[in-house]
There are 2 protein chains.
Amino acid sequence: MVNISIIGAGSVAFSMSFIRDLCVTESLWGSKVTLMDISKDRLNMIHNLTVRYMKETKANLKIETTTNRKDALDDAEFVLCTVKVGGYKPMETEREIAERHGYYRGIGDRVCDYYGGFGAYHQLKFFLELARDMEDLCPDAWLIETANPVFEGTTLISRETKIKTIGVCHGHFGYKKMAKTLGLSLKDVNVEVAGFNHCVWMTHFLYKGRDAYPLLDEWIEEKAEKYWKSEEFLKGLPWETEQMSPAAVDMYKQFGLFPIGDTVRSASPWWYHTDLETKKRWFGPTGGFDSEIGWSIYLKYRESRLKRMQSIYSDPSASLTKEFPPVMSGEQHIPIIDSIANDKEKILQLNIPNKNSISGIPDDVVVEIPAVVSGRGVQGIHVGTLPKRLMLYVMIPRMMRMEQILQAFKEGDRKSLILALMEDPRTKSYEQARSLVDELLAQPWNAEAARHYR
Amino acid sequence: MVNISIIGAGSVAFSMSFIRDLCVTESLWGSKVTLMDISKDRLNMIHNLTVRYMKETKANLKIETTTNRKDALDDAEFVLCTVKVGGYKPMETEREIAERHGYYRGIGDRVCDYYGGFGAYHQLKFFLELARDMEDLCPDAWLIETANPVFEGTTLISRETKIKTIGVCHGHFGYKKMAKTLGLSLKDVNVEVAGFNHCVWMTHFLYKGRDAYPLLDEWIEEKAEKYWKSEEFLKGLPWETEQMSPAAVDMYKQFGLFPIGDTVRSASPWWYHTDLETKKRWFGPTGGFDSEIGWSIYLKYRESRLKRMQSIYSDPSASLTKEFPPVMSGEQHIPIIDSIANDKEKILQLNIPNKNSISGIPDDVVVEIPAVVSGRGVQGIHVGTLPKRLMLYVMIPRMMRMEQILQAFKEGDRKSLILALMEDPRTKSYEQARSLVDELLAQPWNAEAARHYR
């Protein structure tokens, strides 16, 4: 059986999905699972939950814990990474600083939990160090990367190291919400989704074997307005209602393919995001996931989820399988391991180097595409050409932003950070951008980054 | 000897340079030169001046005139194109309209005489028709293209037709102004300039065989401030003083190579151009070539040049060689013809498909690079890698703008014209961009374009 290491196992929500999936996947029983985190408390908690879940499901896994990353990597064959360096607090402060400089809801991508410190410095540095350690300690292991920024991070690792990296996200499952809203039964739906992480588009949509885009067009024409007045839309959680919002429909009209998942928020054009009123018009009453309203809903949701975990943790008699039924979570991490380790051919949605799958994107840029996973490894399927307008106004600009972030990171180039900010439509002067960059880098948690970006 | 056709020969300033160079280049004597223009008056004028210049220089050329383009192409071996469809008036009105919509000095590139009608429609359509006629009538002829937009036009023709196209511009000679300002004798200066037309950068700078960038750095450090207070800078013509302006020096600092010629104006970042005061700070007291001051100086200069031509035209006793001394004008068109027709190997600065000369630019994008011209044809020399920041923040964005213009043109895509305008930092809302595009396309001279861009 295989050796699996979870780096950042203290991310309890993620880790519980992995544990659940491992316990459900009998073909991986007997494997060794190493839980690694720098926080002993969090490690104790996830260890306790893991052991209890195993007992309830009668699963057979060998569990180890460590706070030492190198120990965790020593004989690993699969490394799962969910690390968010420094937590969420600095990000909130950085957003407040940016708002004072004239950037509503902060700079960076429009997913609040994106960059983990200005210029993605802390995350990218961590990713690279992890991959370099793997080159020393387990050079043949797979790195399954879930921590953001997935696009920048996996592209960086695959360019700079020899480690086989796979980026994993669940955003593409947004198509299920779309299909359900259209009233289609999922088992008859066949969807292909492709692009970059958080910027993926429905390249094929079949229902009972036939092109179903006309069904979507019909829904837009005849039912969308009614849906946008429904309780379901008006009262729903922001990250659930975005998928069929006016924003998604307009993006489809502008760019020619329907956007899926986080794409609706993070790849939508700037003019949906200028202020709260505008955001509400495009994303519904919460203004979407990343508005001040949507984000505070999310933070509360996070908090209550953590509390729930803690109460289960402190009550040894609580049933874990009641909270997390022993069925596959939907996350792709464990299925990837099962497919590779046990040579079970499966098609999954993964972030891997393009290698000519999407036309017009260089081979060494990581794309999110369907890929065949098996004992042979991971093989992307050919997607082909995307609509010209989508390439020119969304895909290539997003790719260039990734290149800017990586260039600034690799060369420690503060000028590049400023120039990238000059492309933000809210920037009115060079001085504005420079003073924001300087103030962000002057924060105590960015001391190392400040030395790096000269 | 060869057959040369000048399409748009009524552009007297350009044509006189060609005639002058032909009369000076004895190895091309005996050639047939067909002057073509749709204006009979202008044609008579240039014919008269040509015949007189030939007489004064005792040159031997066979001159024909026609208002019929197809006649001019019939047996052509070299076709020179200087056509500006519709003249300058519509452009001025279009700029006024754009200013009313919030776009100071209009939209489009920052060279006023660039696009010849919104979205470059009229120019691109003309280029393509001309090249298609050439495919029928003189498929082996060379098209030497000087009319703007050179970058978009030559890329379009080389992608869409089989015609061999060379784009020619004199902007790169700006390096002479730079060398003179530094006090260097031109004969000891060796410069390589590369990029896209109107976006070219000094990739090598040697003086007496040694890297001379340190001399430029020294000038910036020690003499620039004084130069910017000199009569030469403060009273000079805007298109002559831009080369060593604070804008050029800042661009060098931002992007790592010194910008040459029109680059200083048309490839400089938006924040040099927000208003007249800002333009003055970067480009000197006129605010540069394309400010309201600089442009009115240019229009007056144009007018006086035309008047001068007309007075010479109407005075049969006037000496033409006194006005235009019989030495090479500096334009590259006739040297290209001489090199190809007479197999004289020469290195010229030309706009030709990249074919891997500049790294990171696709092969089918036209770049401006040094090329060897001879009986073998035109062969670009390898330039290599440009600085990363220059690529990320200037070259690739400029290339993407070209791709946007060509895609909108090829697909008749009005949405694309609007989306391109959404990337202008002055655009505050989608409605603003849409209403401007609609109003521009509603102008009488754009009736055909309005039908094209749906």
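Student: Where is P149(A) found in chain A?

Tutor: This is a predicted model, and in it P149(A) sits in the loop between β5 (142-145) and α6 (150-160) of chain A. Likewise, P149(B) lies in the loop between β5 (142-145) and α6 (150-160) of chain B.

Student: What is the peptide bond from N148(A) to P149(A), cis or trans?

Tutor: Check omega: it is near -5° there, and the bond is cis. The bond from N148(B) to P149(B) is cis too, with omega near -5°. Most peptide bonds are trans.

Student: What makes H198(A) worth a look?

Tutor: Its phi is positive, about 65°, and H198(A) is not a glycine. Most residues other than glycine have a negative phi. You'll find H198(A) in the loop between β7 (189-196) and β8 (199-207) of chain A.

Student: On to the interface. How many residues of chain A are in contact with chain B?

Tutor: 27 residues of chain A touch 27 residues of chain B. About 2600 Å² is buried between the two chains, and carbon and sulfur atoms give 63% of that. L392(A), Y393(A) and L419(A) supply 24% of the area chain A buries against chain B, more than any other three residues.

Student: Why is the pair D413(A) and R389(B) called a salt bridge?

Tutor: The cut-off is 4 Å between a side-chain nitrogen of Lys or Arg and a carboxyl oxygen of Asp or Glu. Here the N to O distance is 2.6 Å, so D413(A) and R389(B) qualify. There are 2 salt bridges between chain A and chain B, along with 8 residue pairs in polar contact.

Student: How do you know whether α18(A) and α18(B) are roughly parallel or antiparallel?

Tutor: Look at the angle: the two helices pack at about 180°, with axes 11 Å apart. Angles over 145 degrees count as roughly antiparallel, so α18(A) and α18(B) are roughly antiparallel to each other. Residues making this contact include L392(A), Y393(A) and I396(A) from α18(A), and L392(B), Y393(B) and I396(B) from α18(B).

Student: What classes do the residues of that helix contact divide into?

Tutor: For α18(A) with α18(B), they split into 8 nonpolar, 4 polar and 8 charged.

Terms used:
Residues are numbered from 1 along each chain as its sequence is written. Chains are lettered from A and ligands numbered from 1 in the order in which they are written. This is a predicted model: local features need pLDDT of at least 70, side-chain atom pairs count only at pLDDT 80 or more; totals for chains, interfaces and linings use all residues. Side-chain values use heavy atoms; hydrogens and water are left out. Contact means heavy atoms within 4.5 Å. Buried area is the accessible area (1.4 Å probe) that two parts lose on being put together, summed over both. A polar contact is a pair of N or O atoms within 3.5 Å; within protein, one must be able to donate a hydrogen and the other to accept it, and residues adjacent in sequence count only if both atoms are side-chain atoms. Axes are lines fitted to C-alpha atoms, for helices over the stretch in contact, and angles run from 0 to 180 degrees between N-to-C directions. Helices (H or I, at least four residues) and strands (E, at least two) are DSSP runs, numbered from the N terminus. Angles under 35 degrees count as roughly parallel, over 145 as roughly antiparallel, 65 to 115 as roughly perpendicular and the rest as oblique. Ala, Val, Leu, Ile, Met, Phe, Trp, Tyr, Cys and Pro count as nonpolar, Asp, Glu, Lys and Arg as charged, and the others, Gly among them, as polar.
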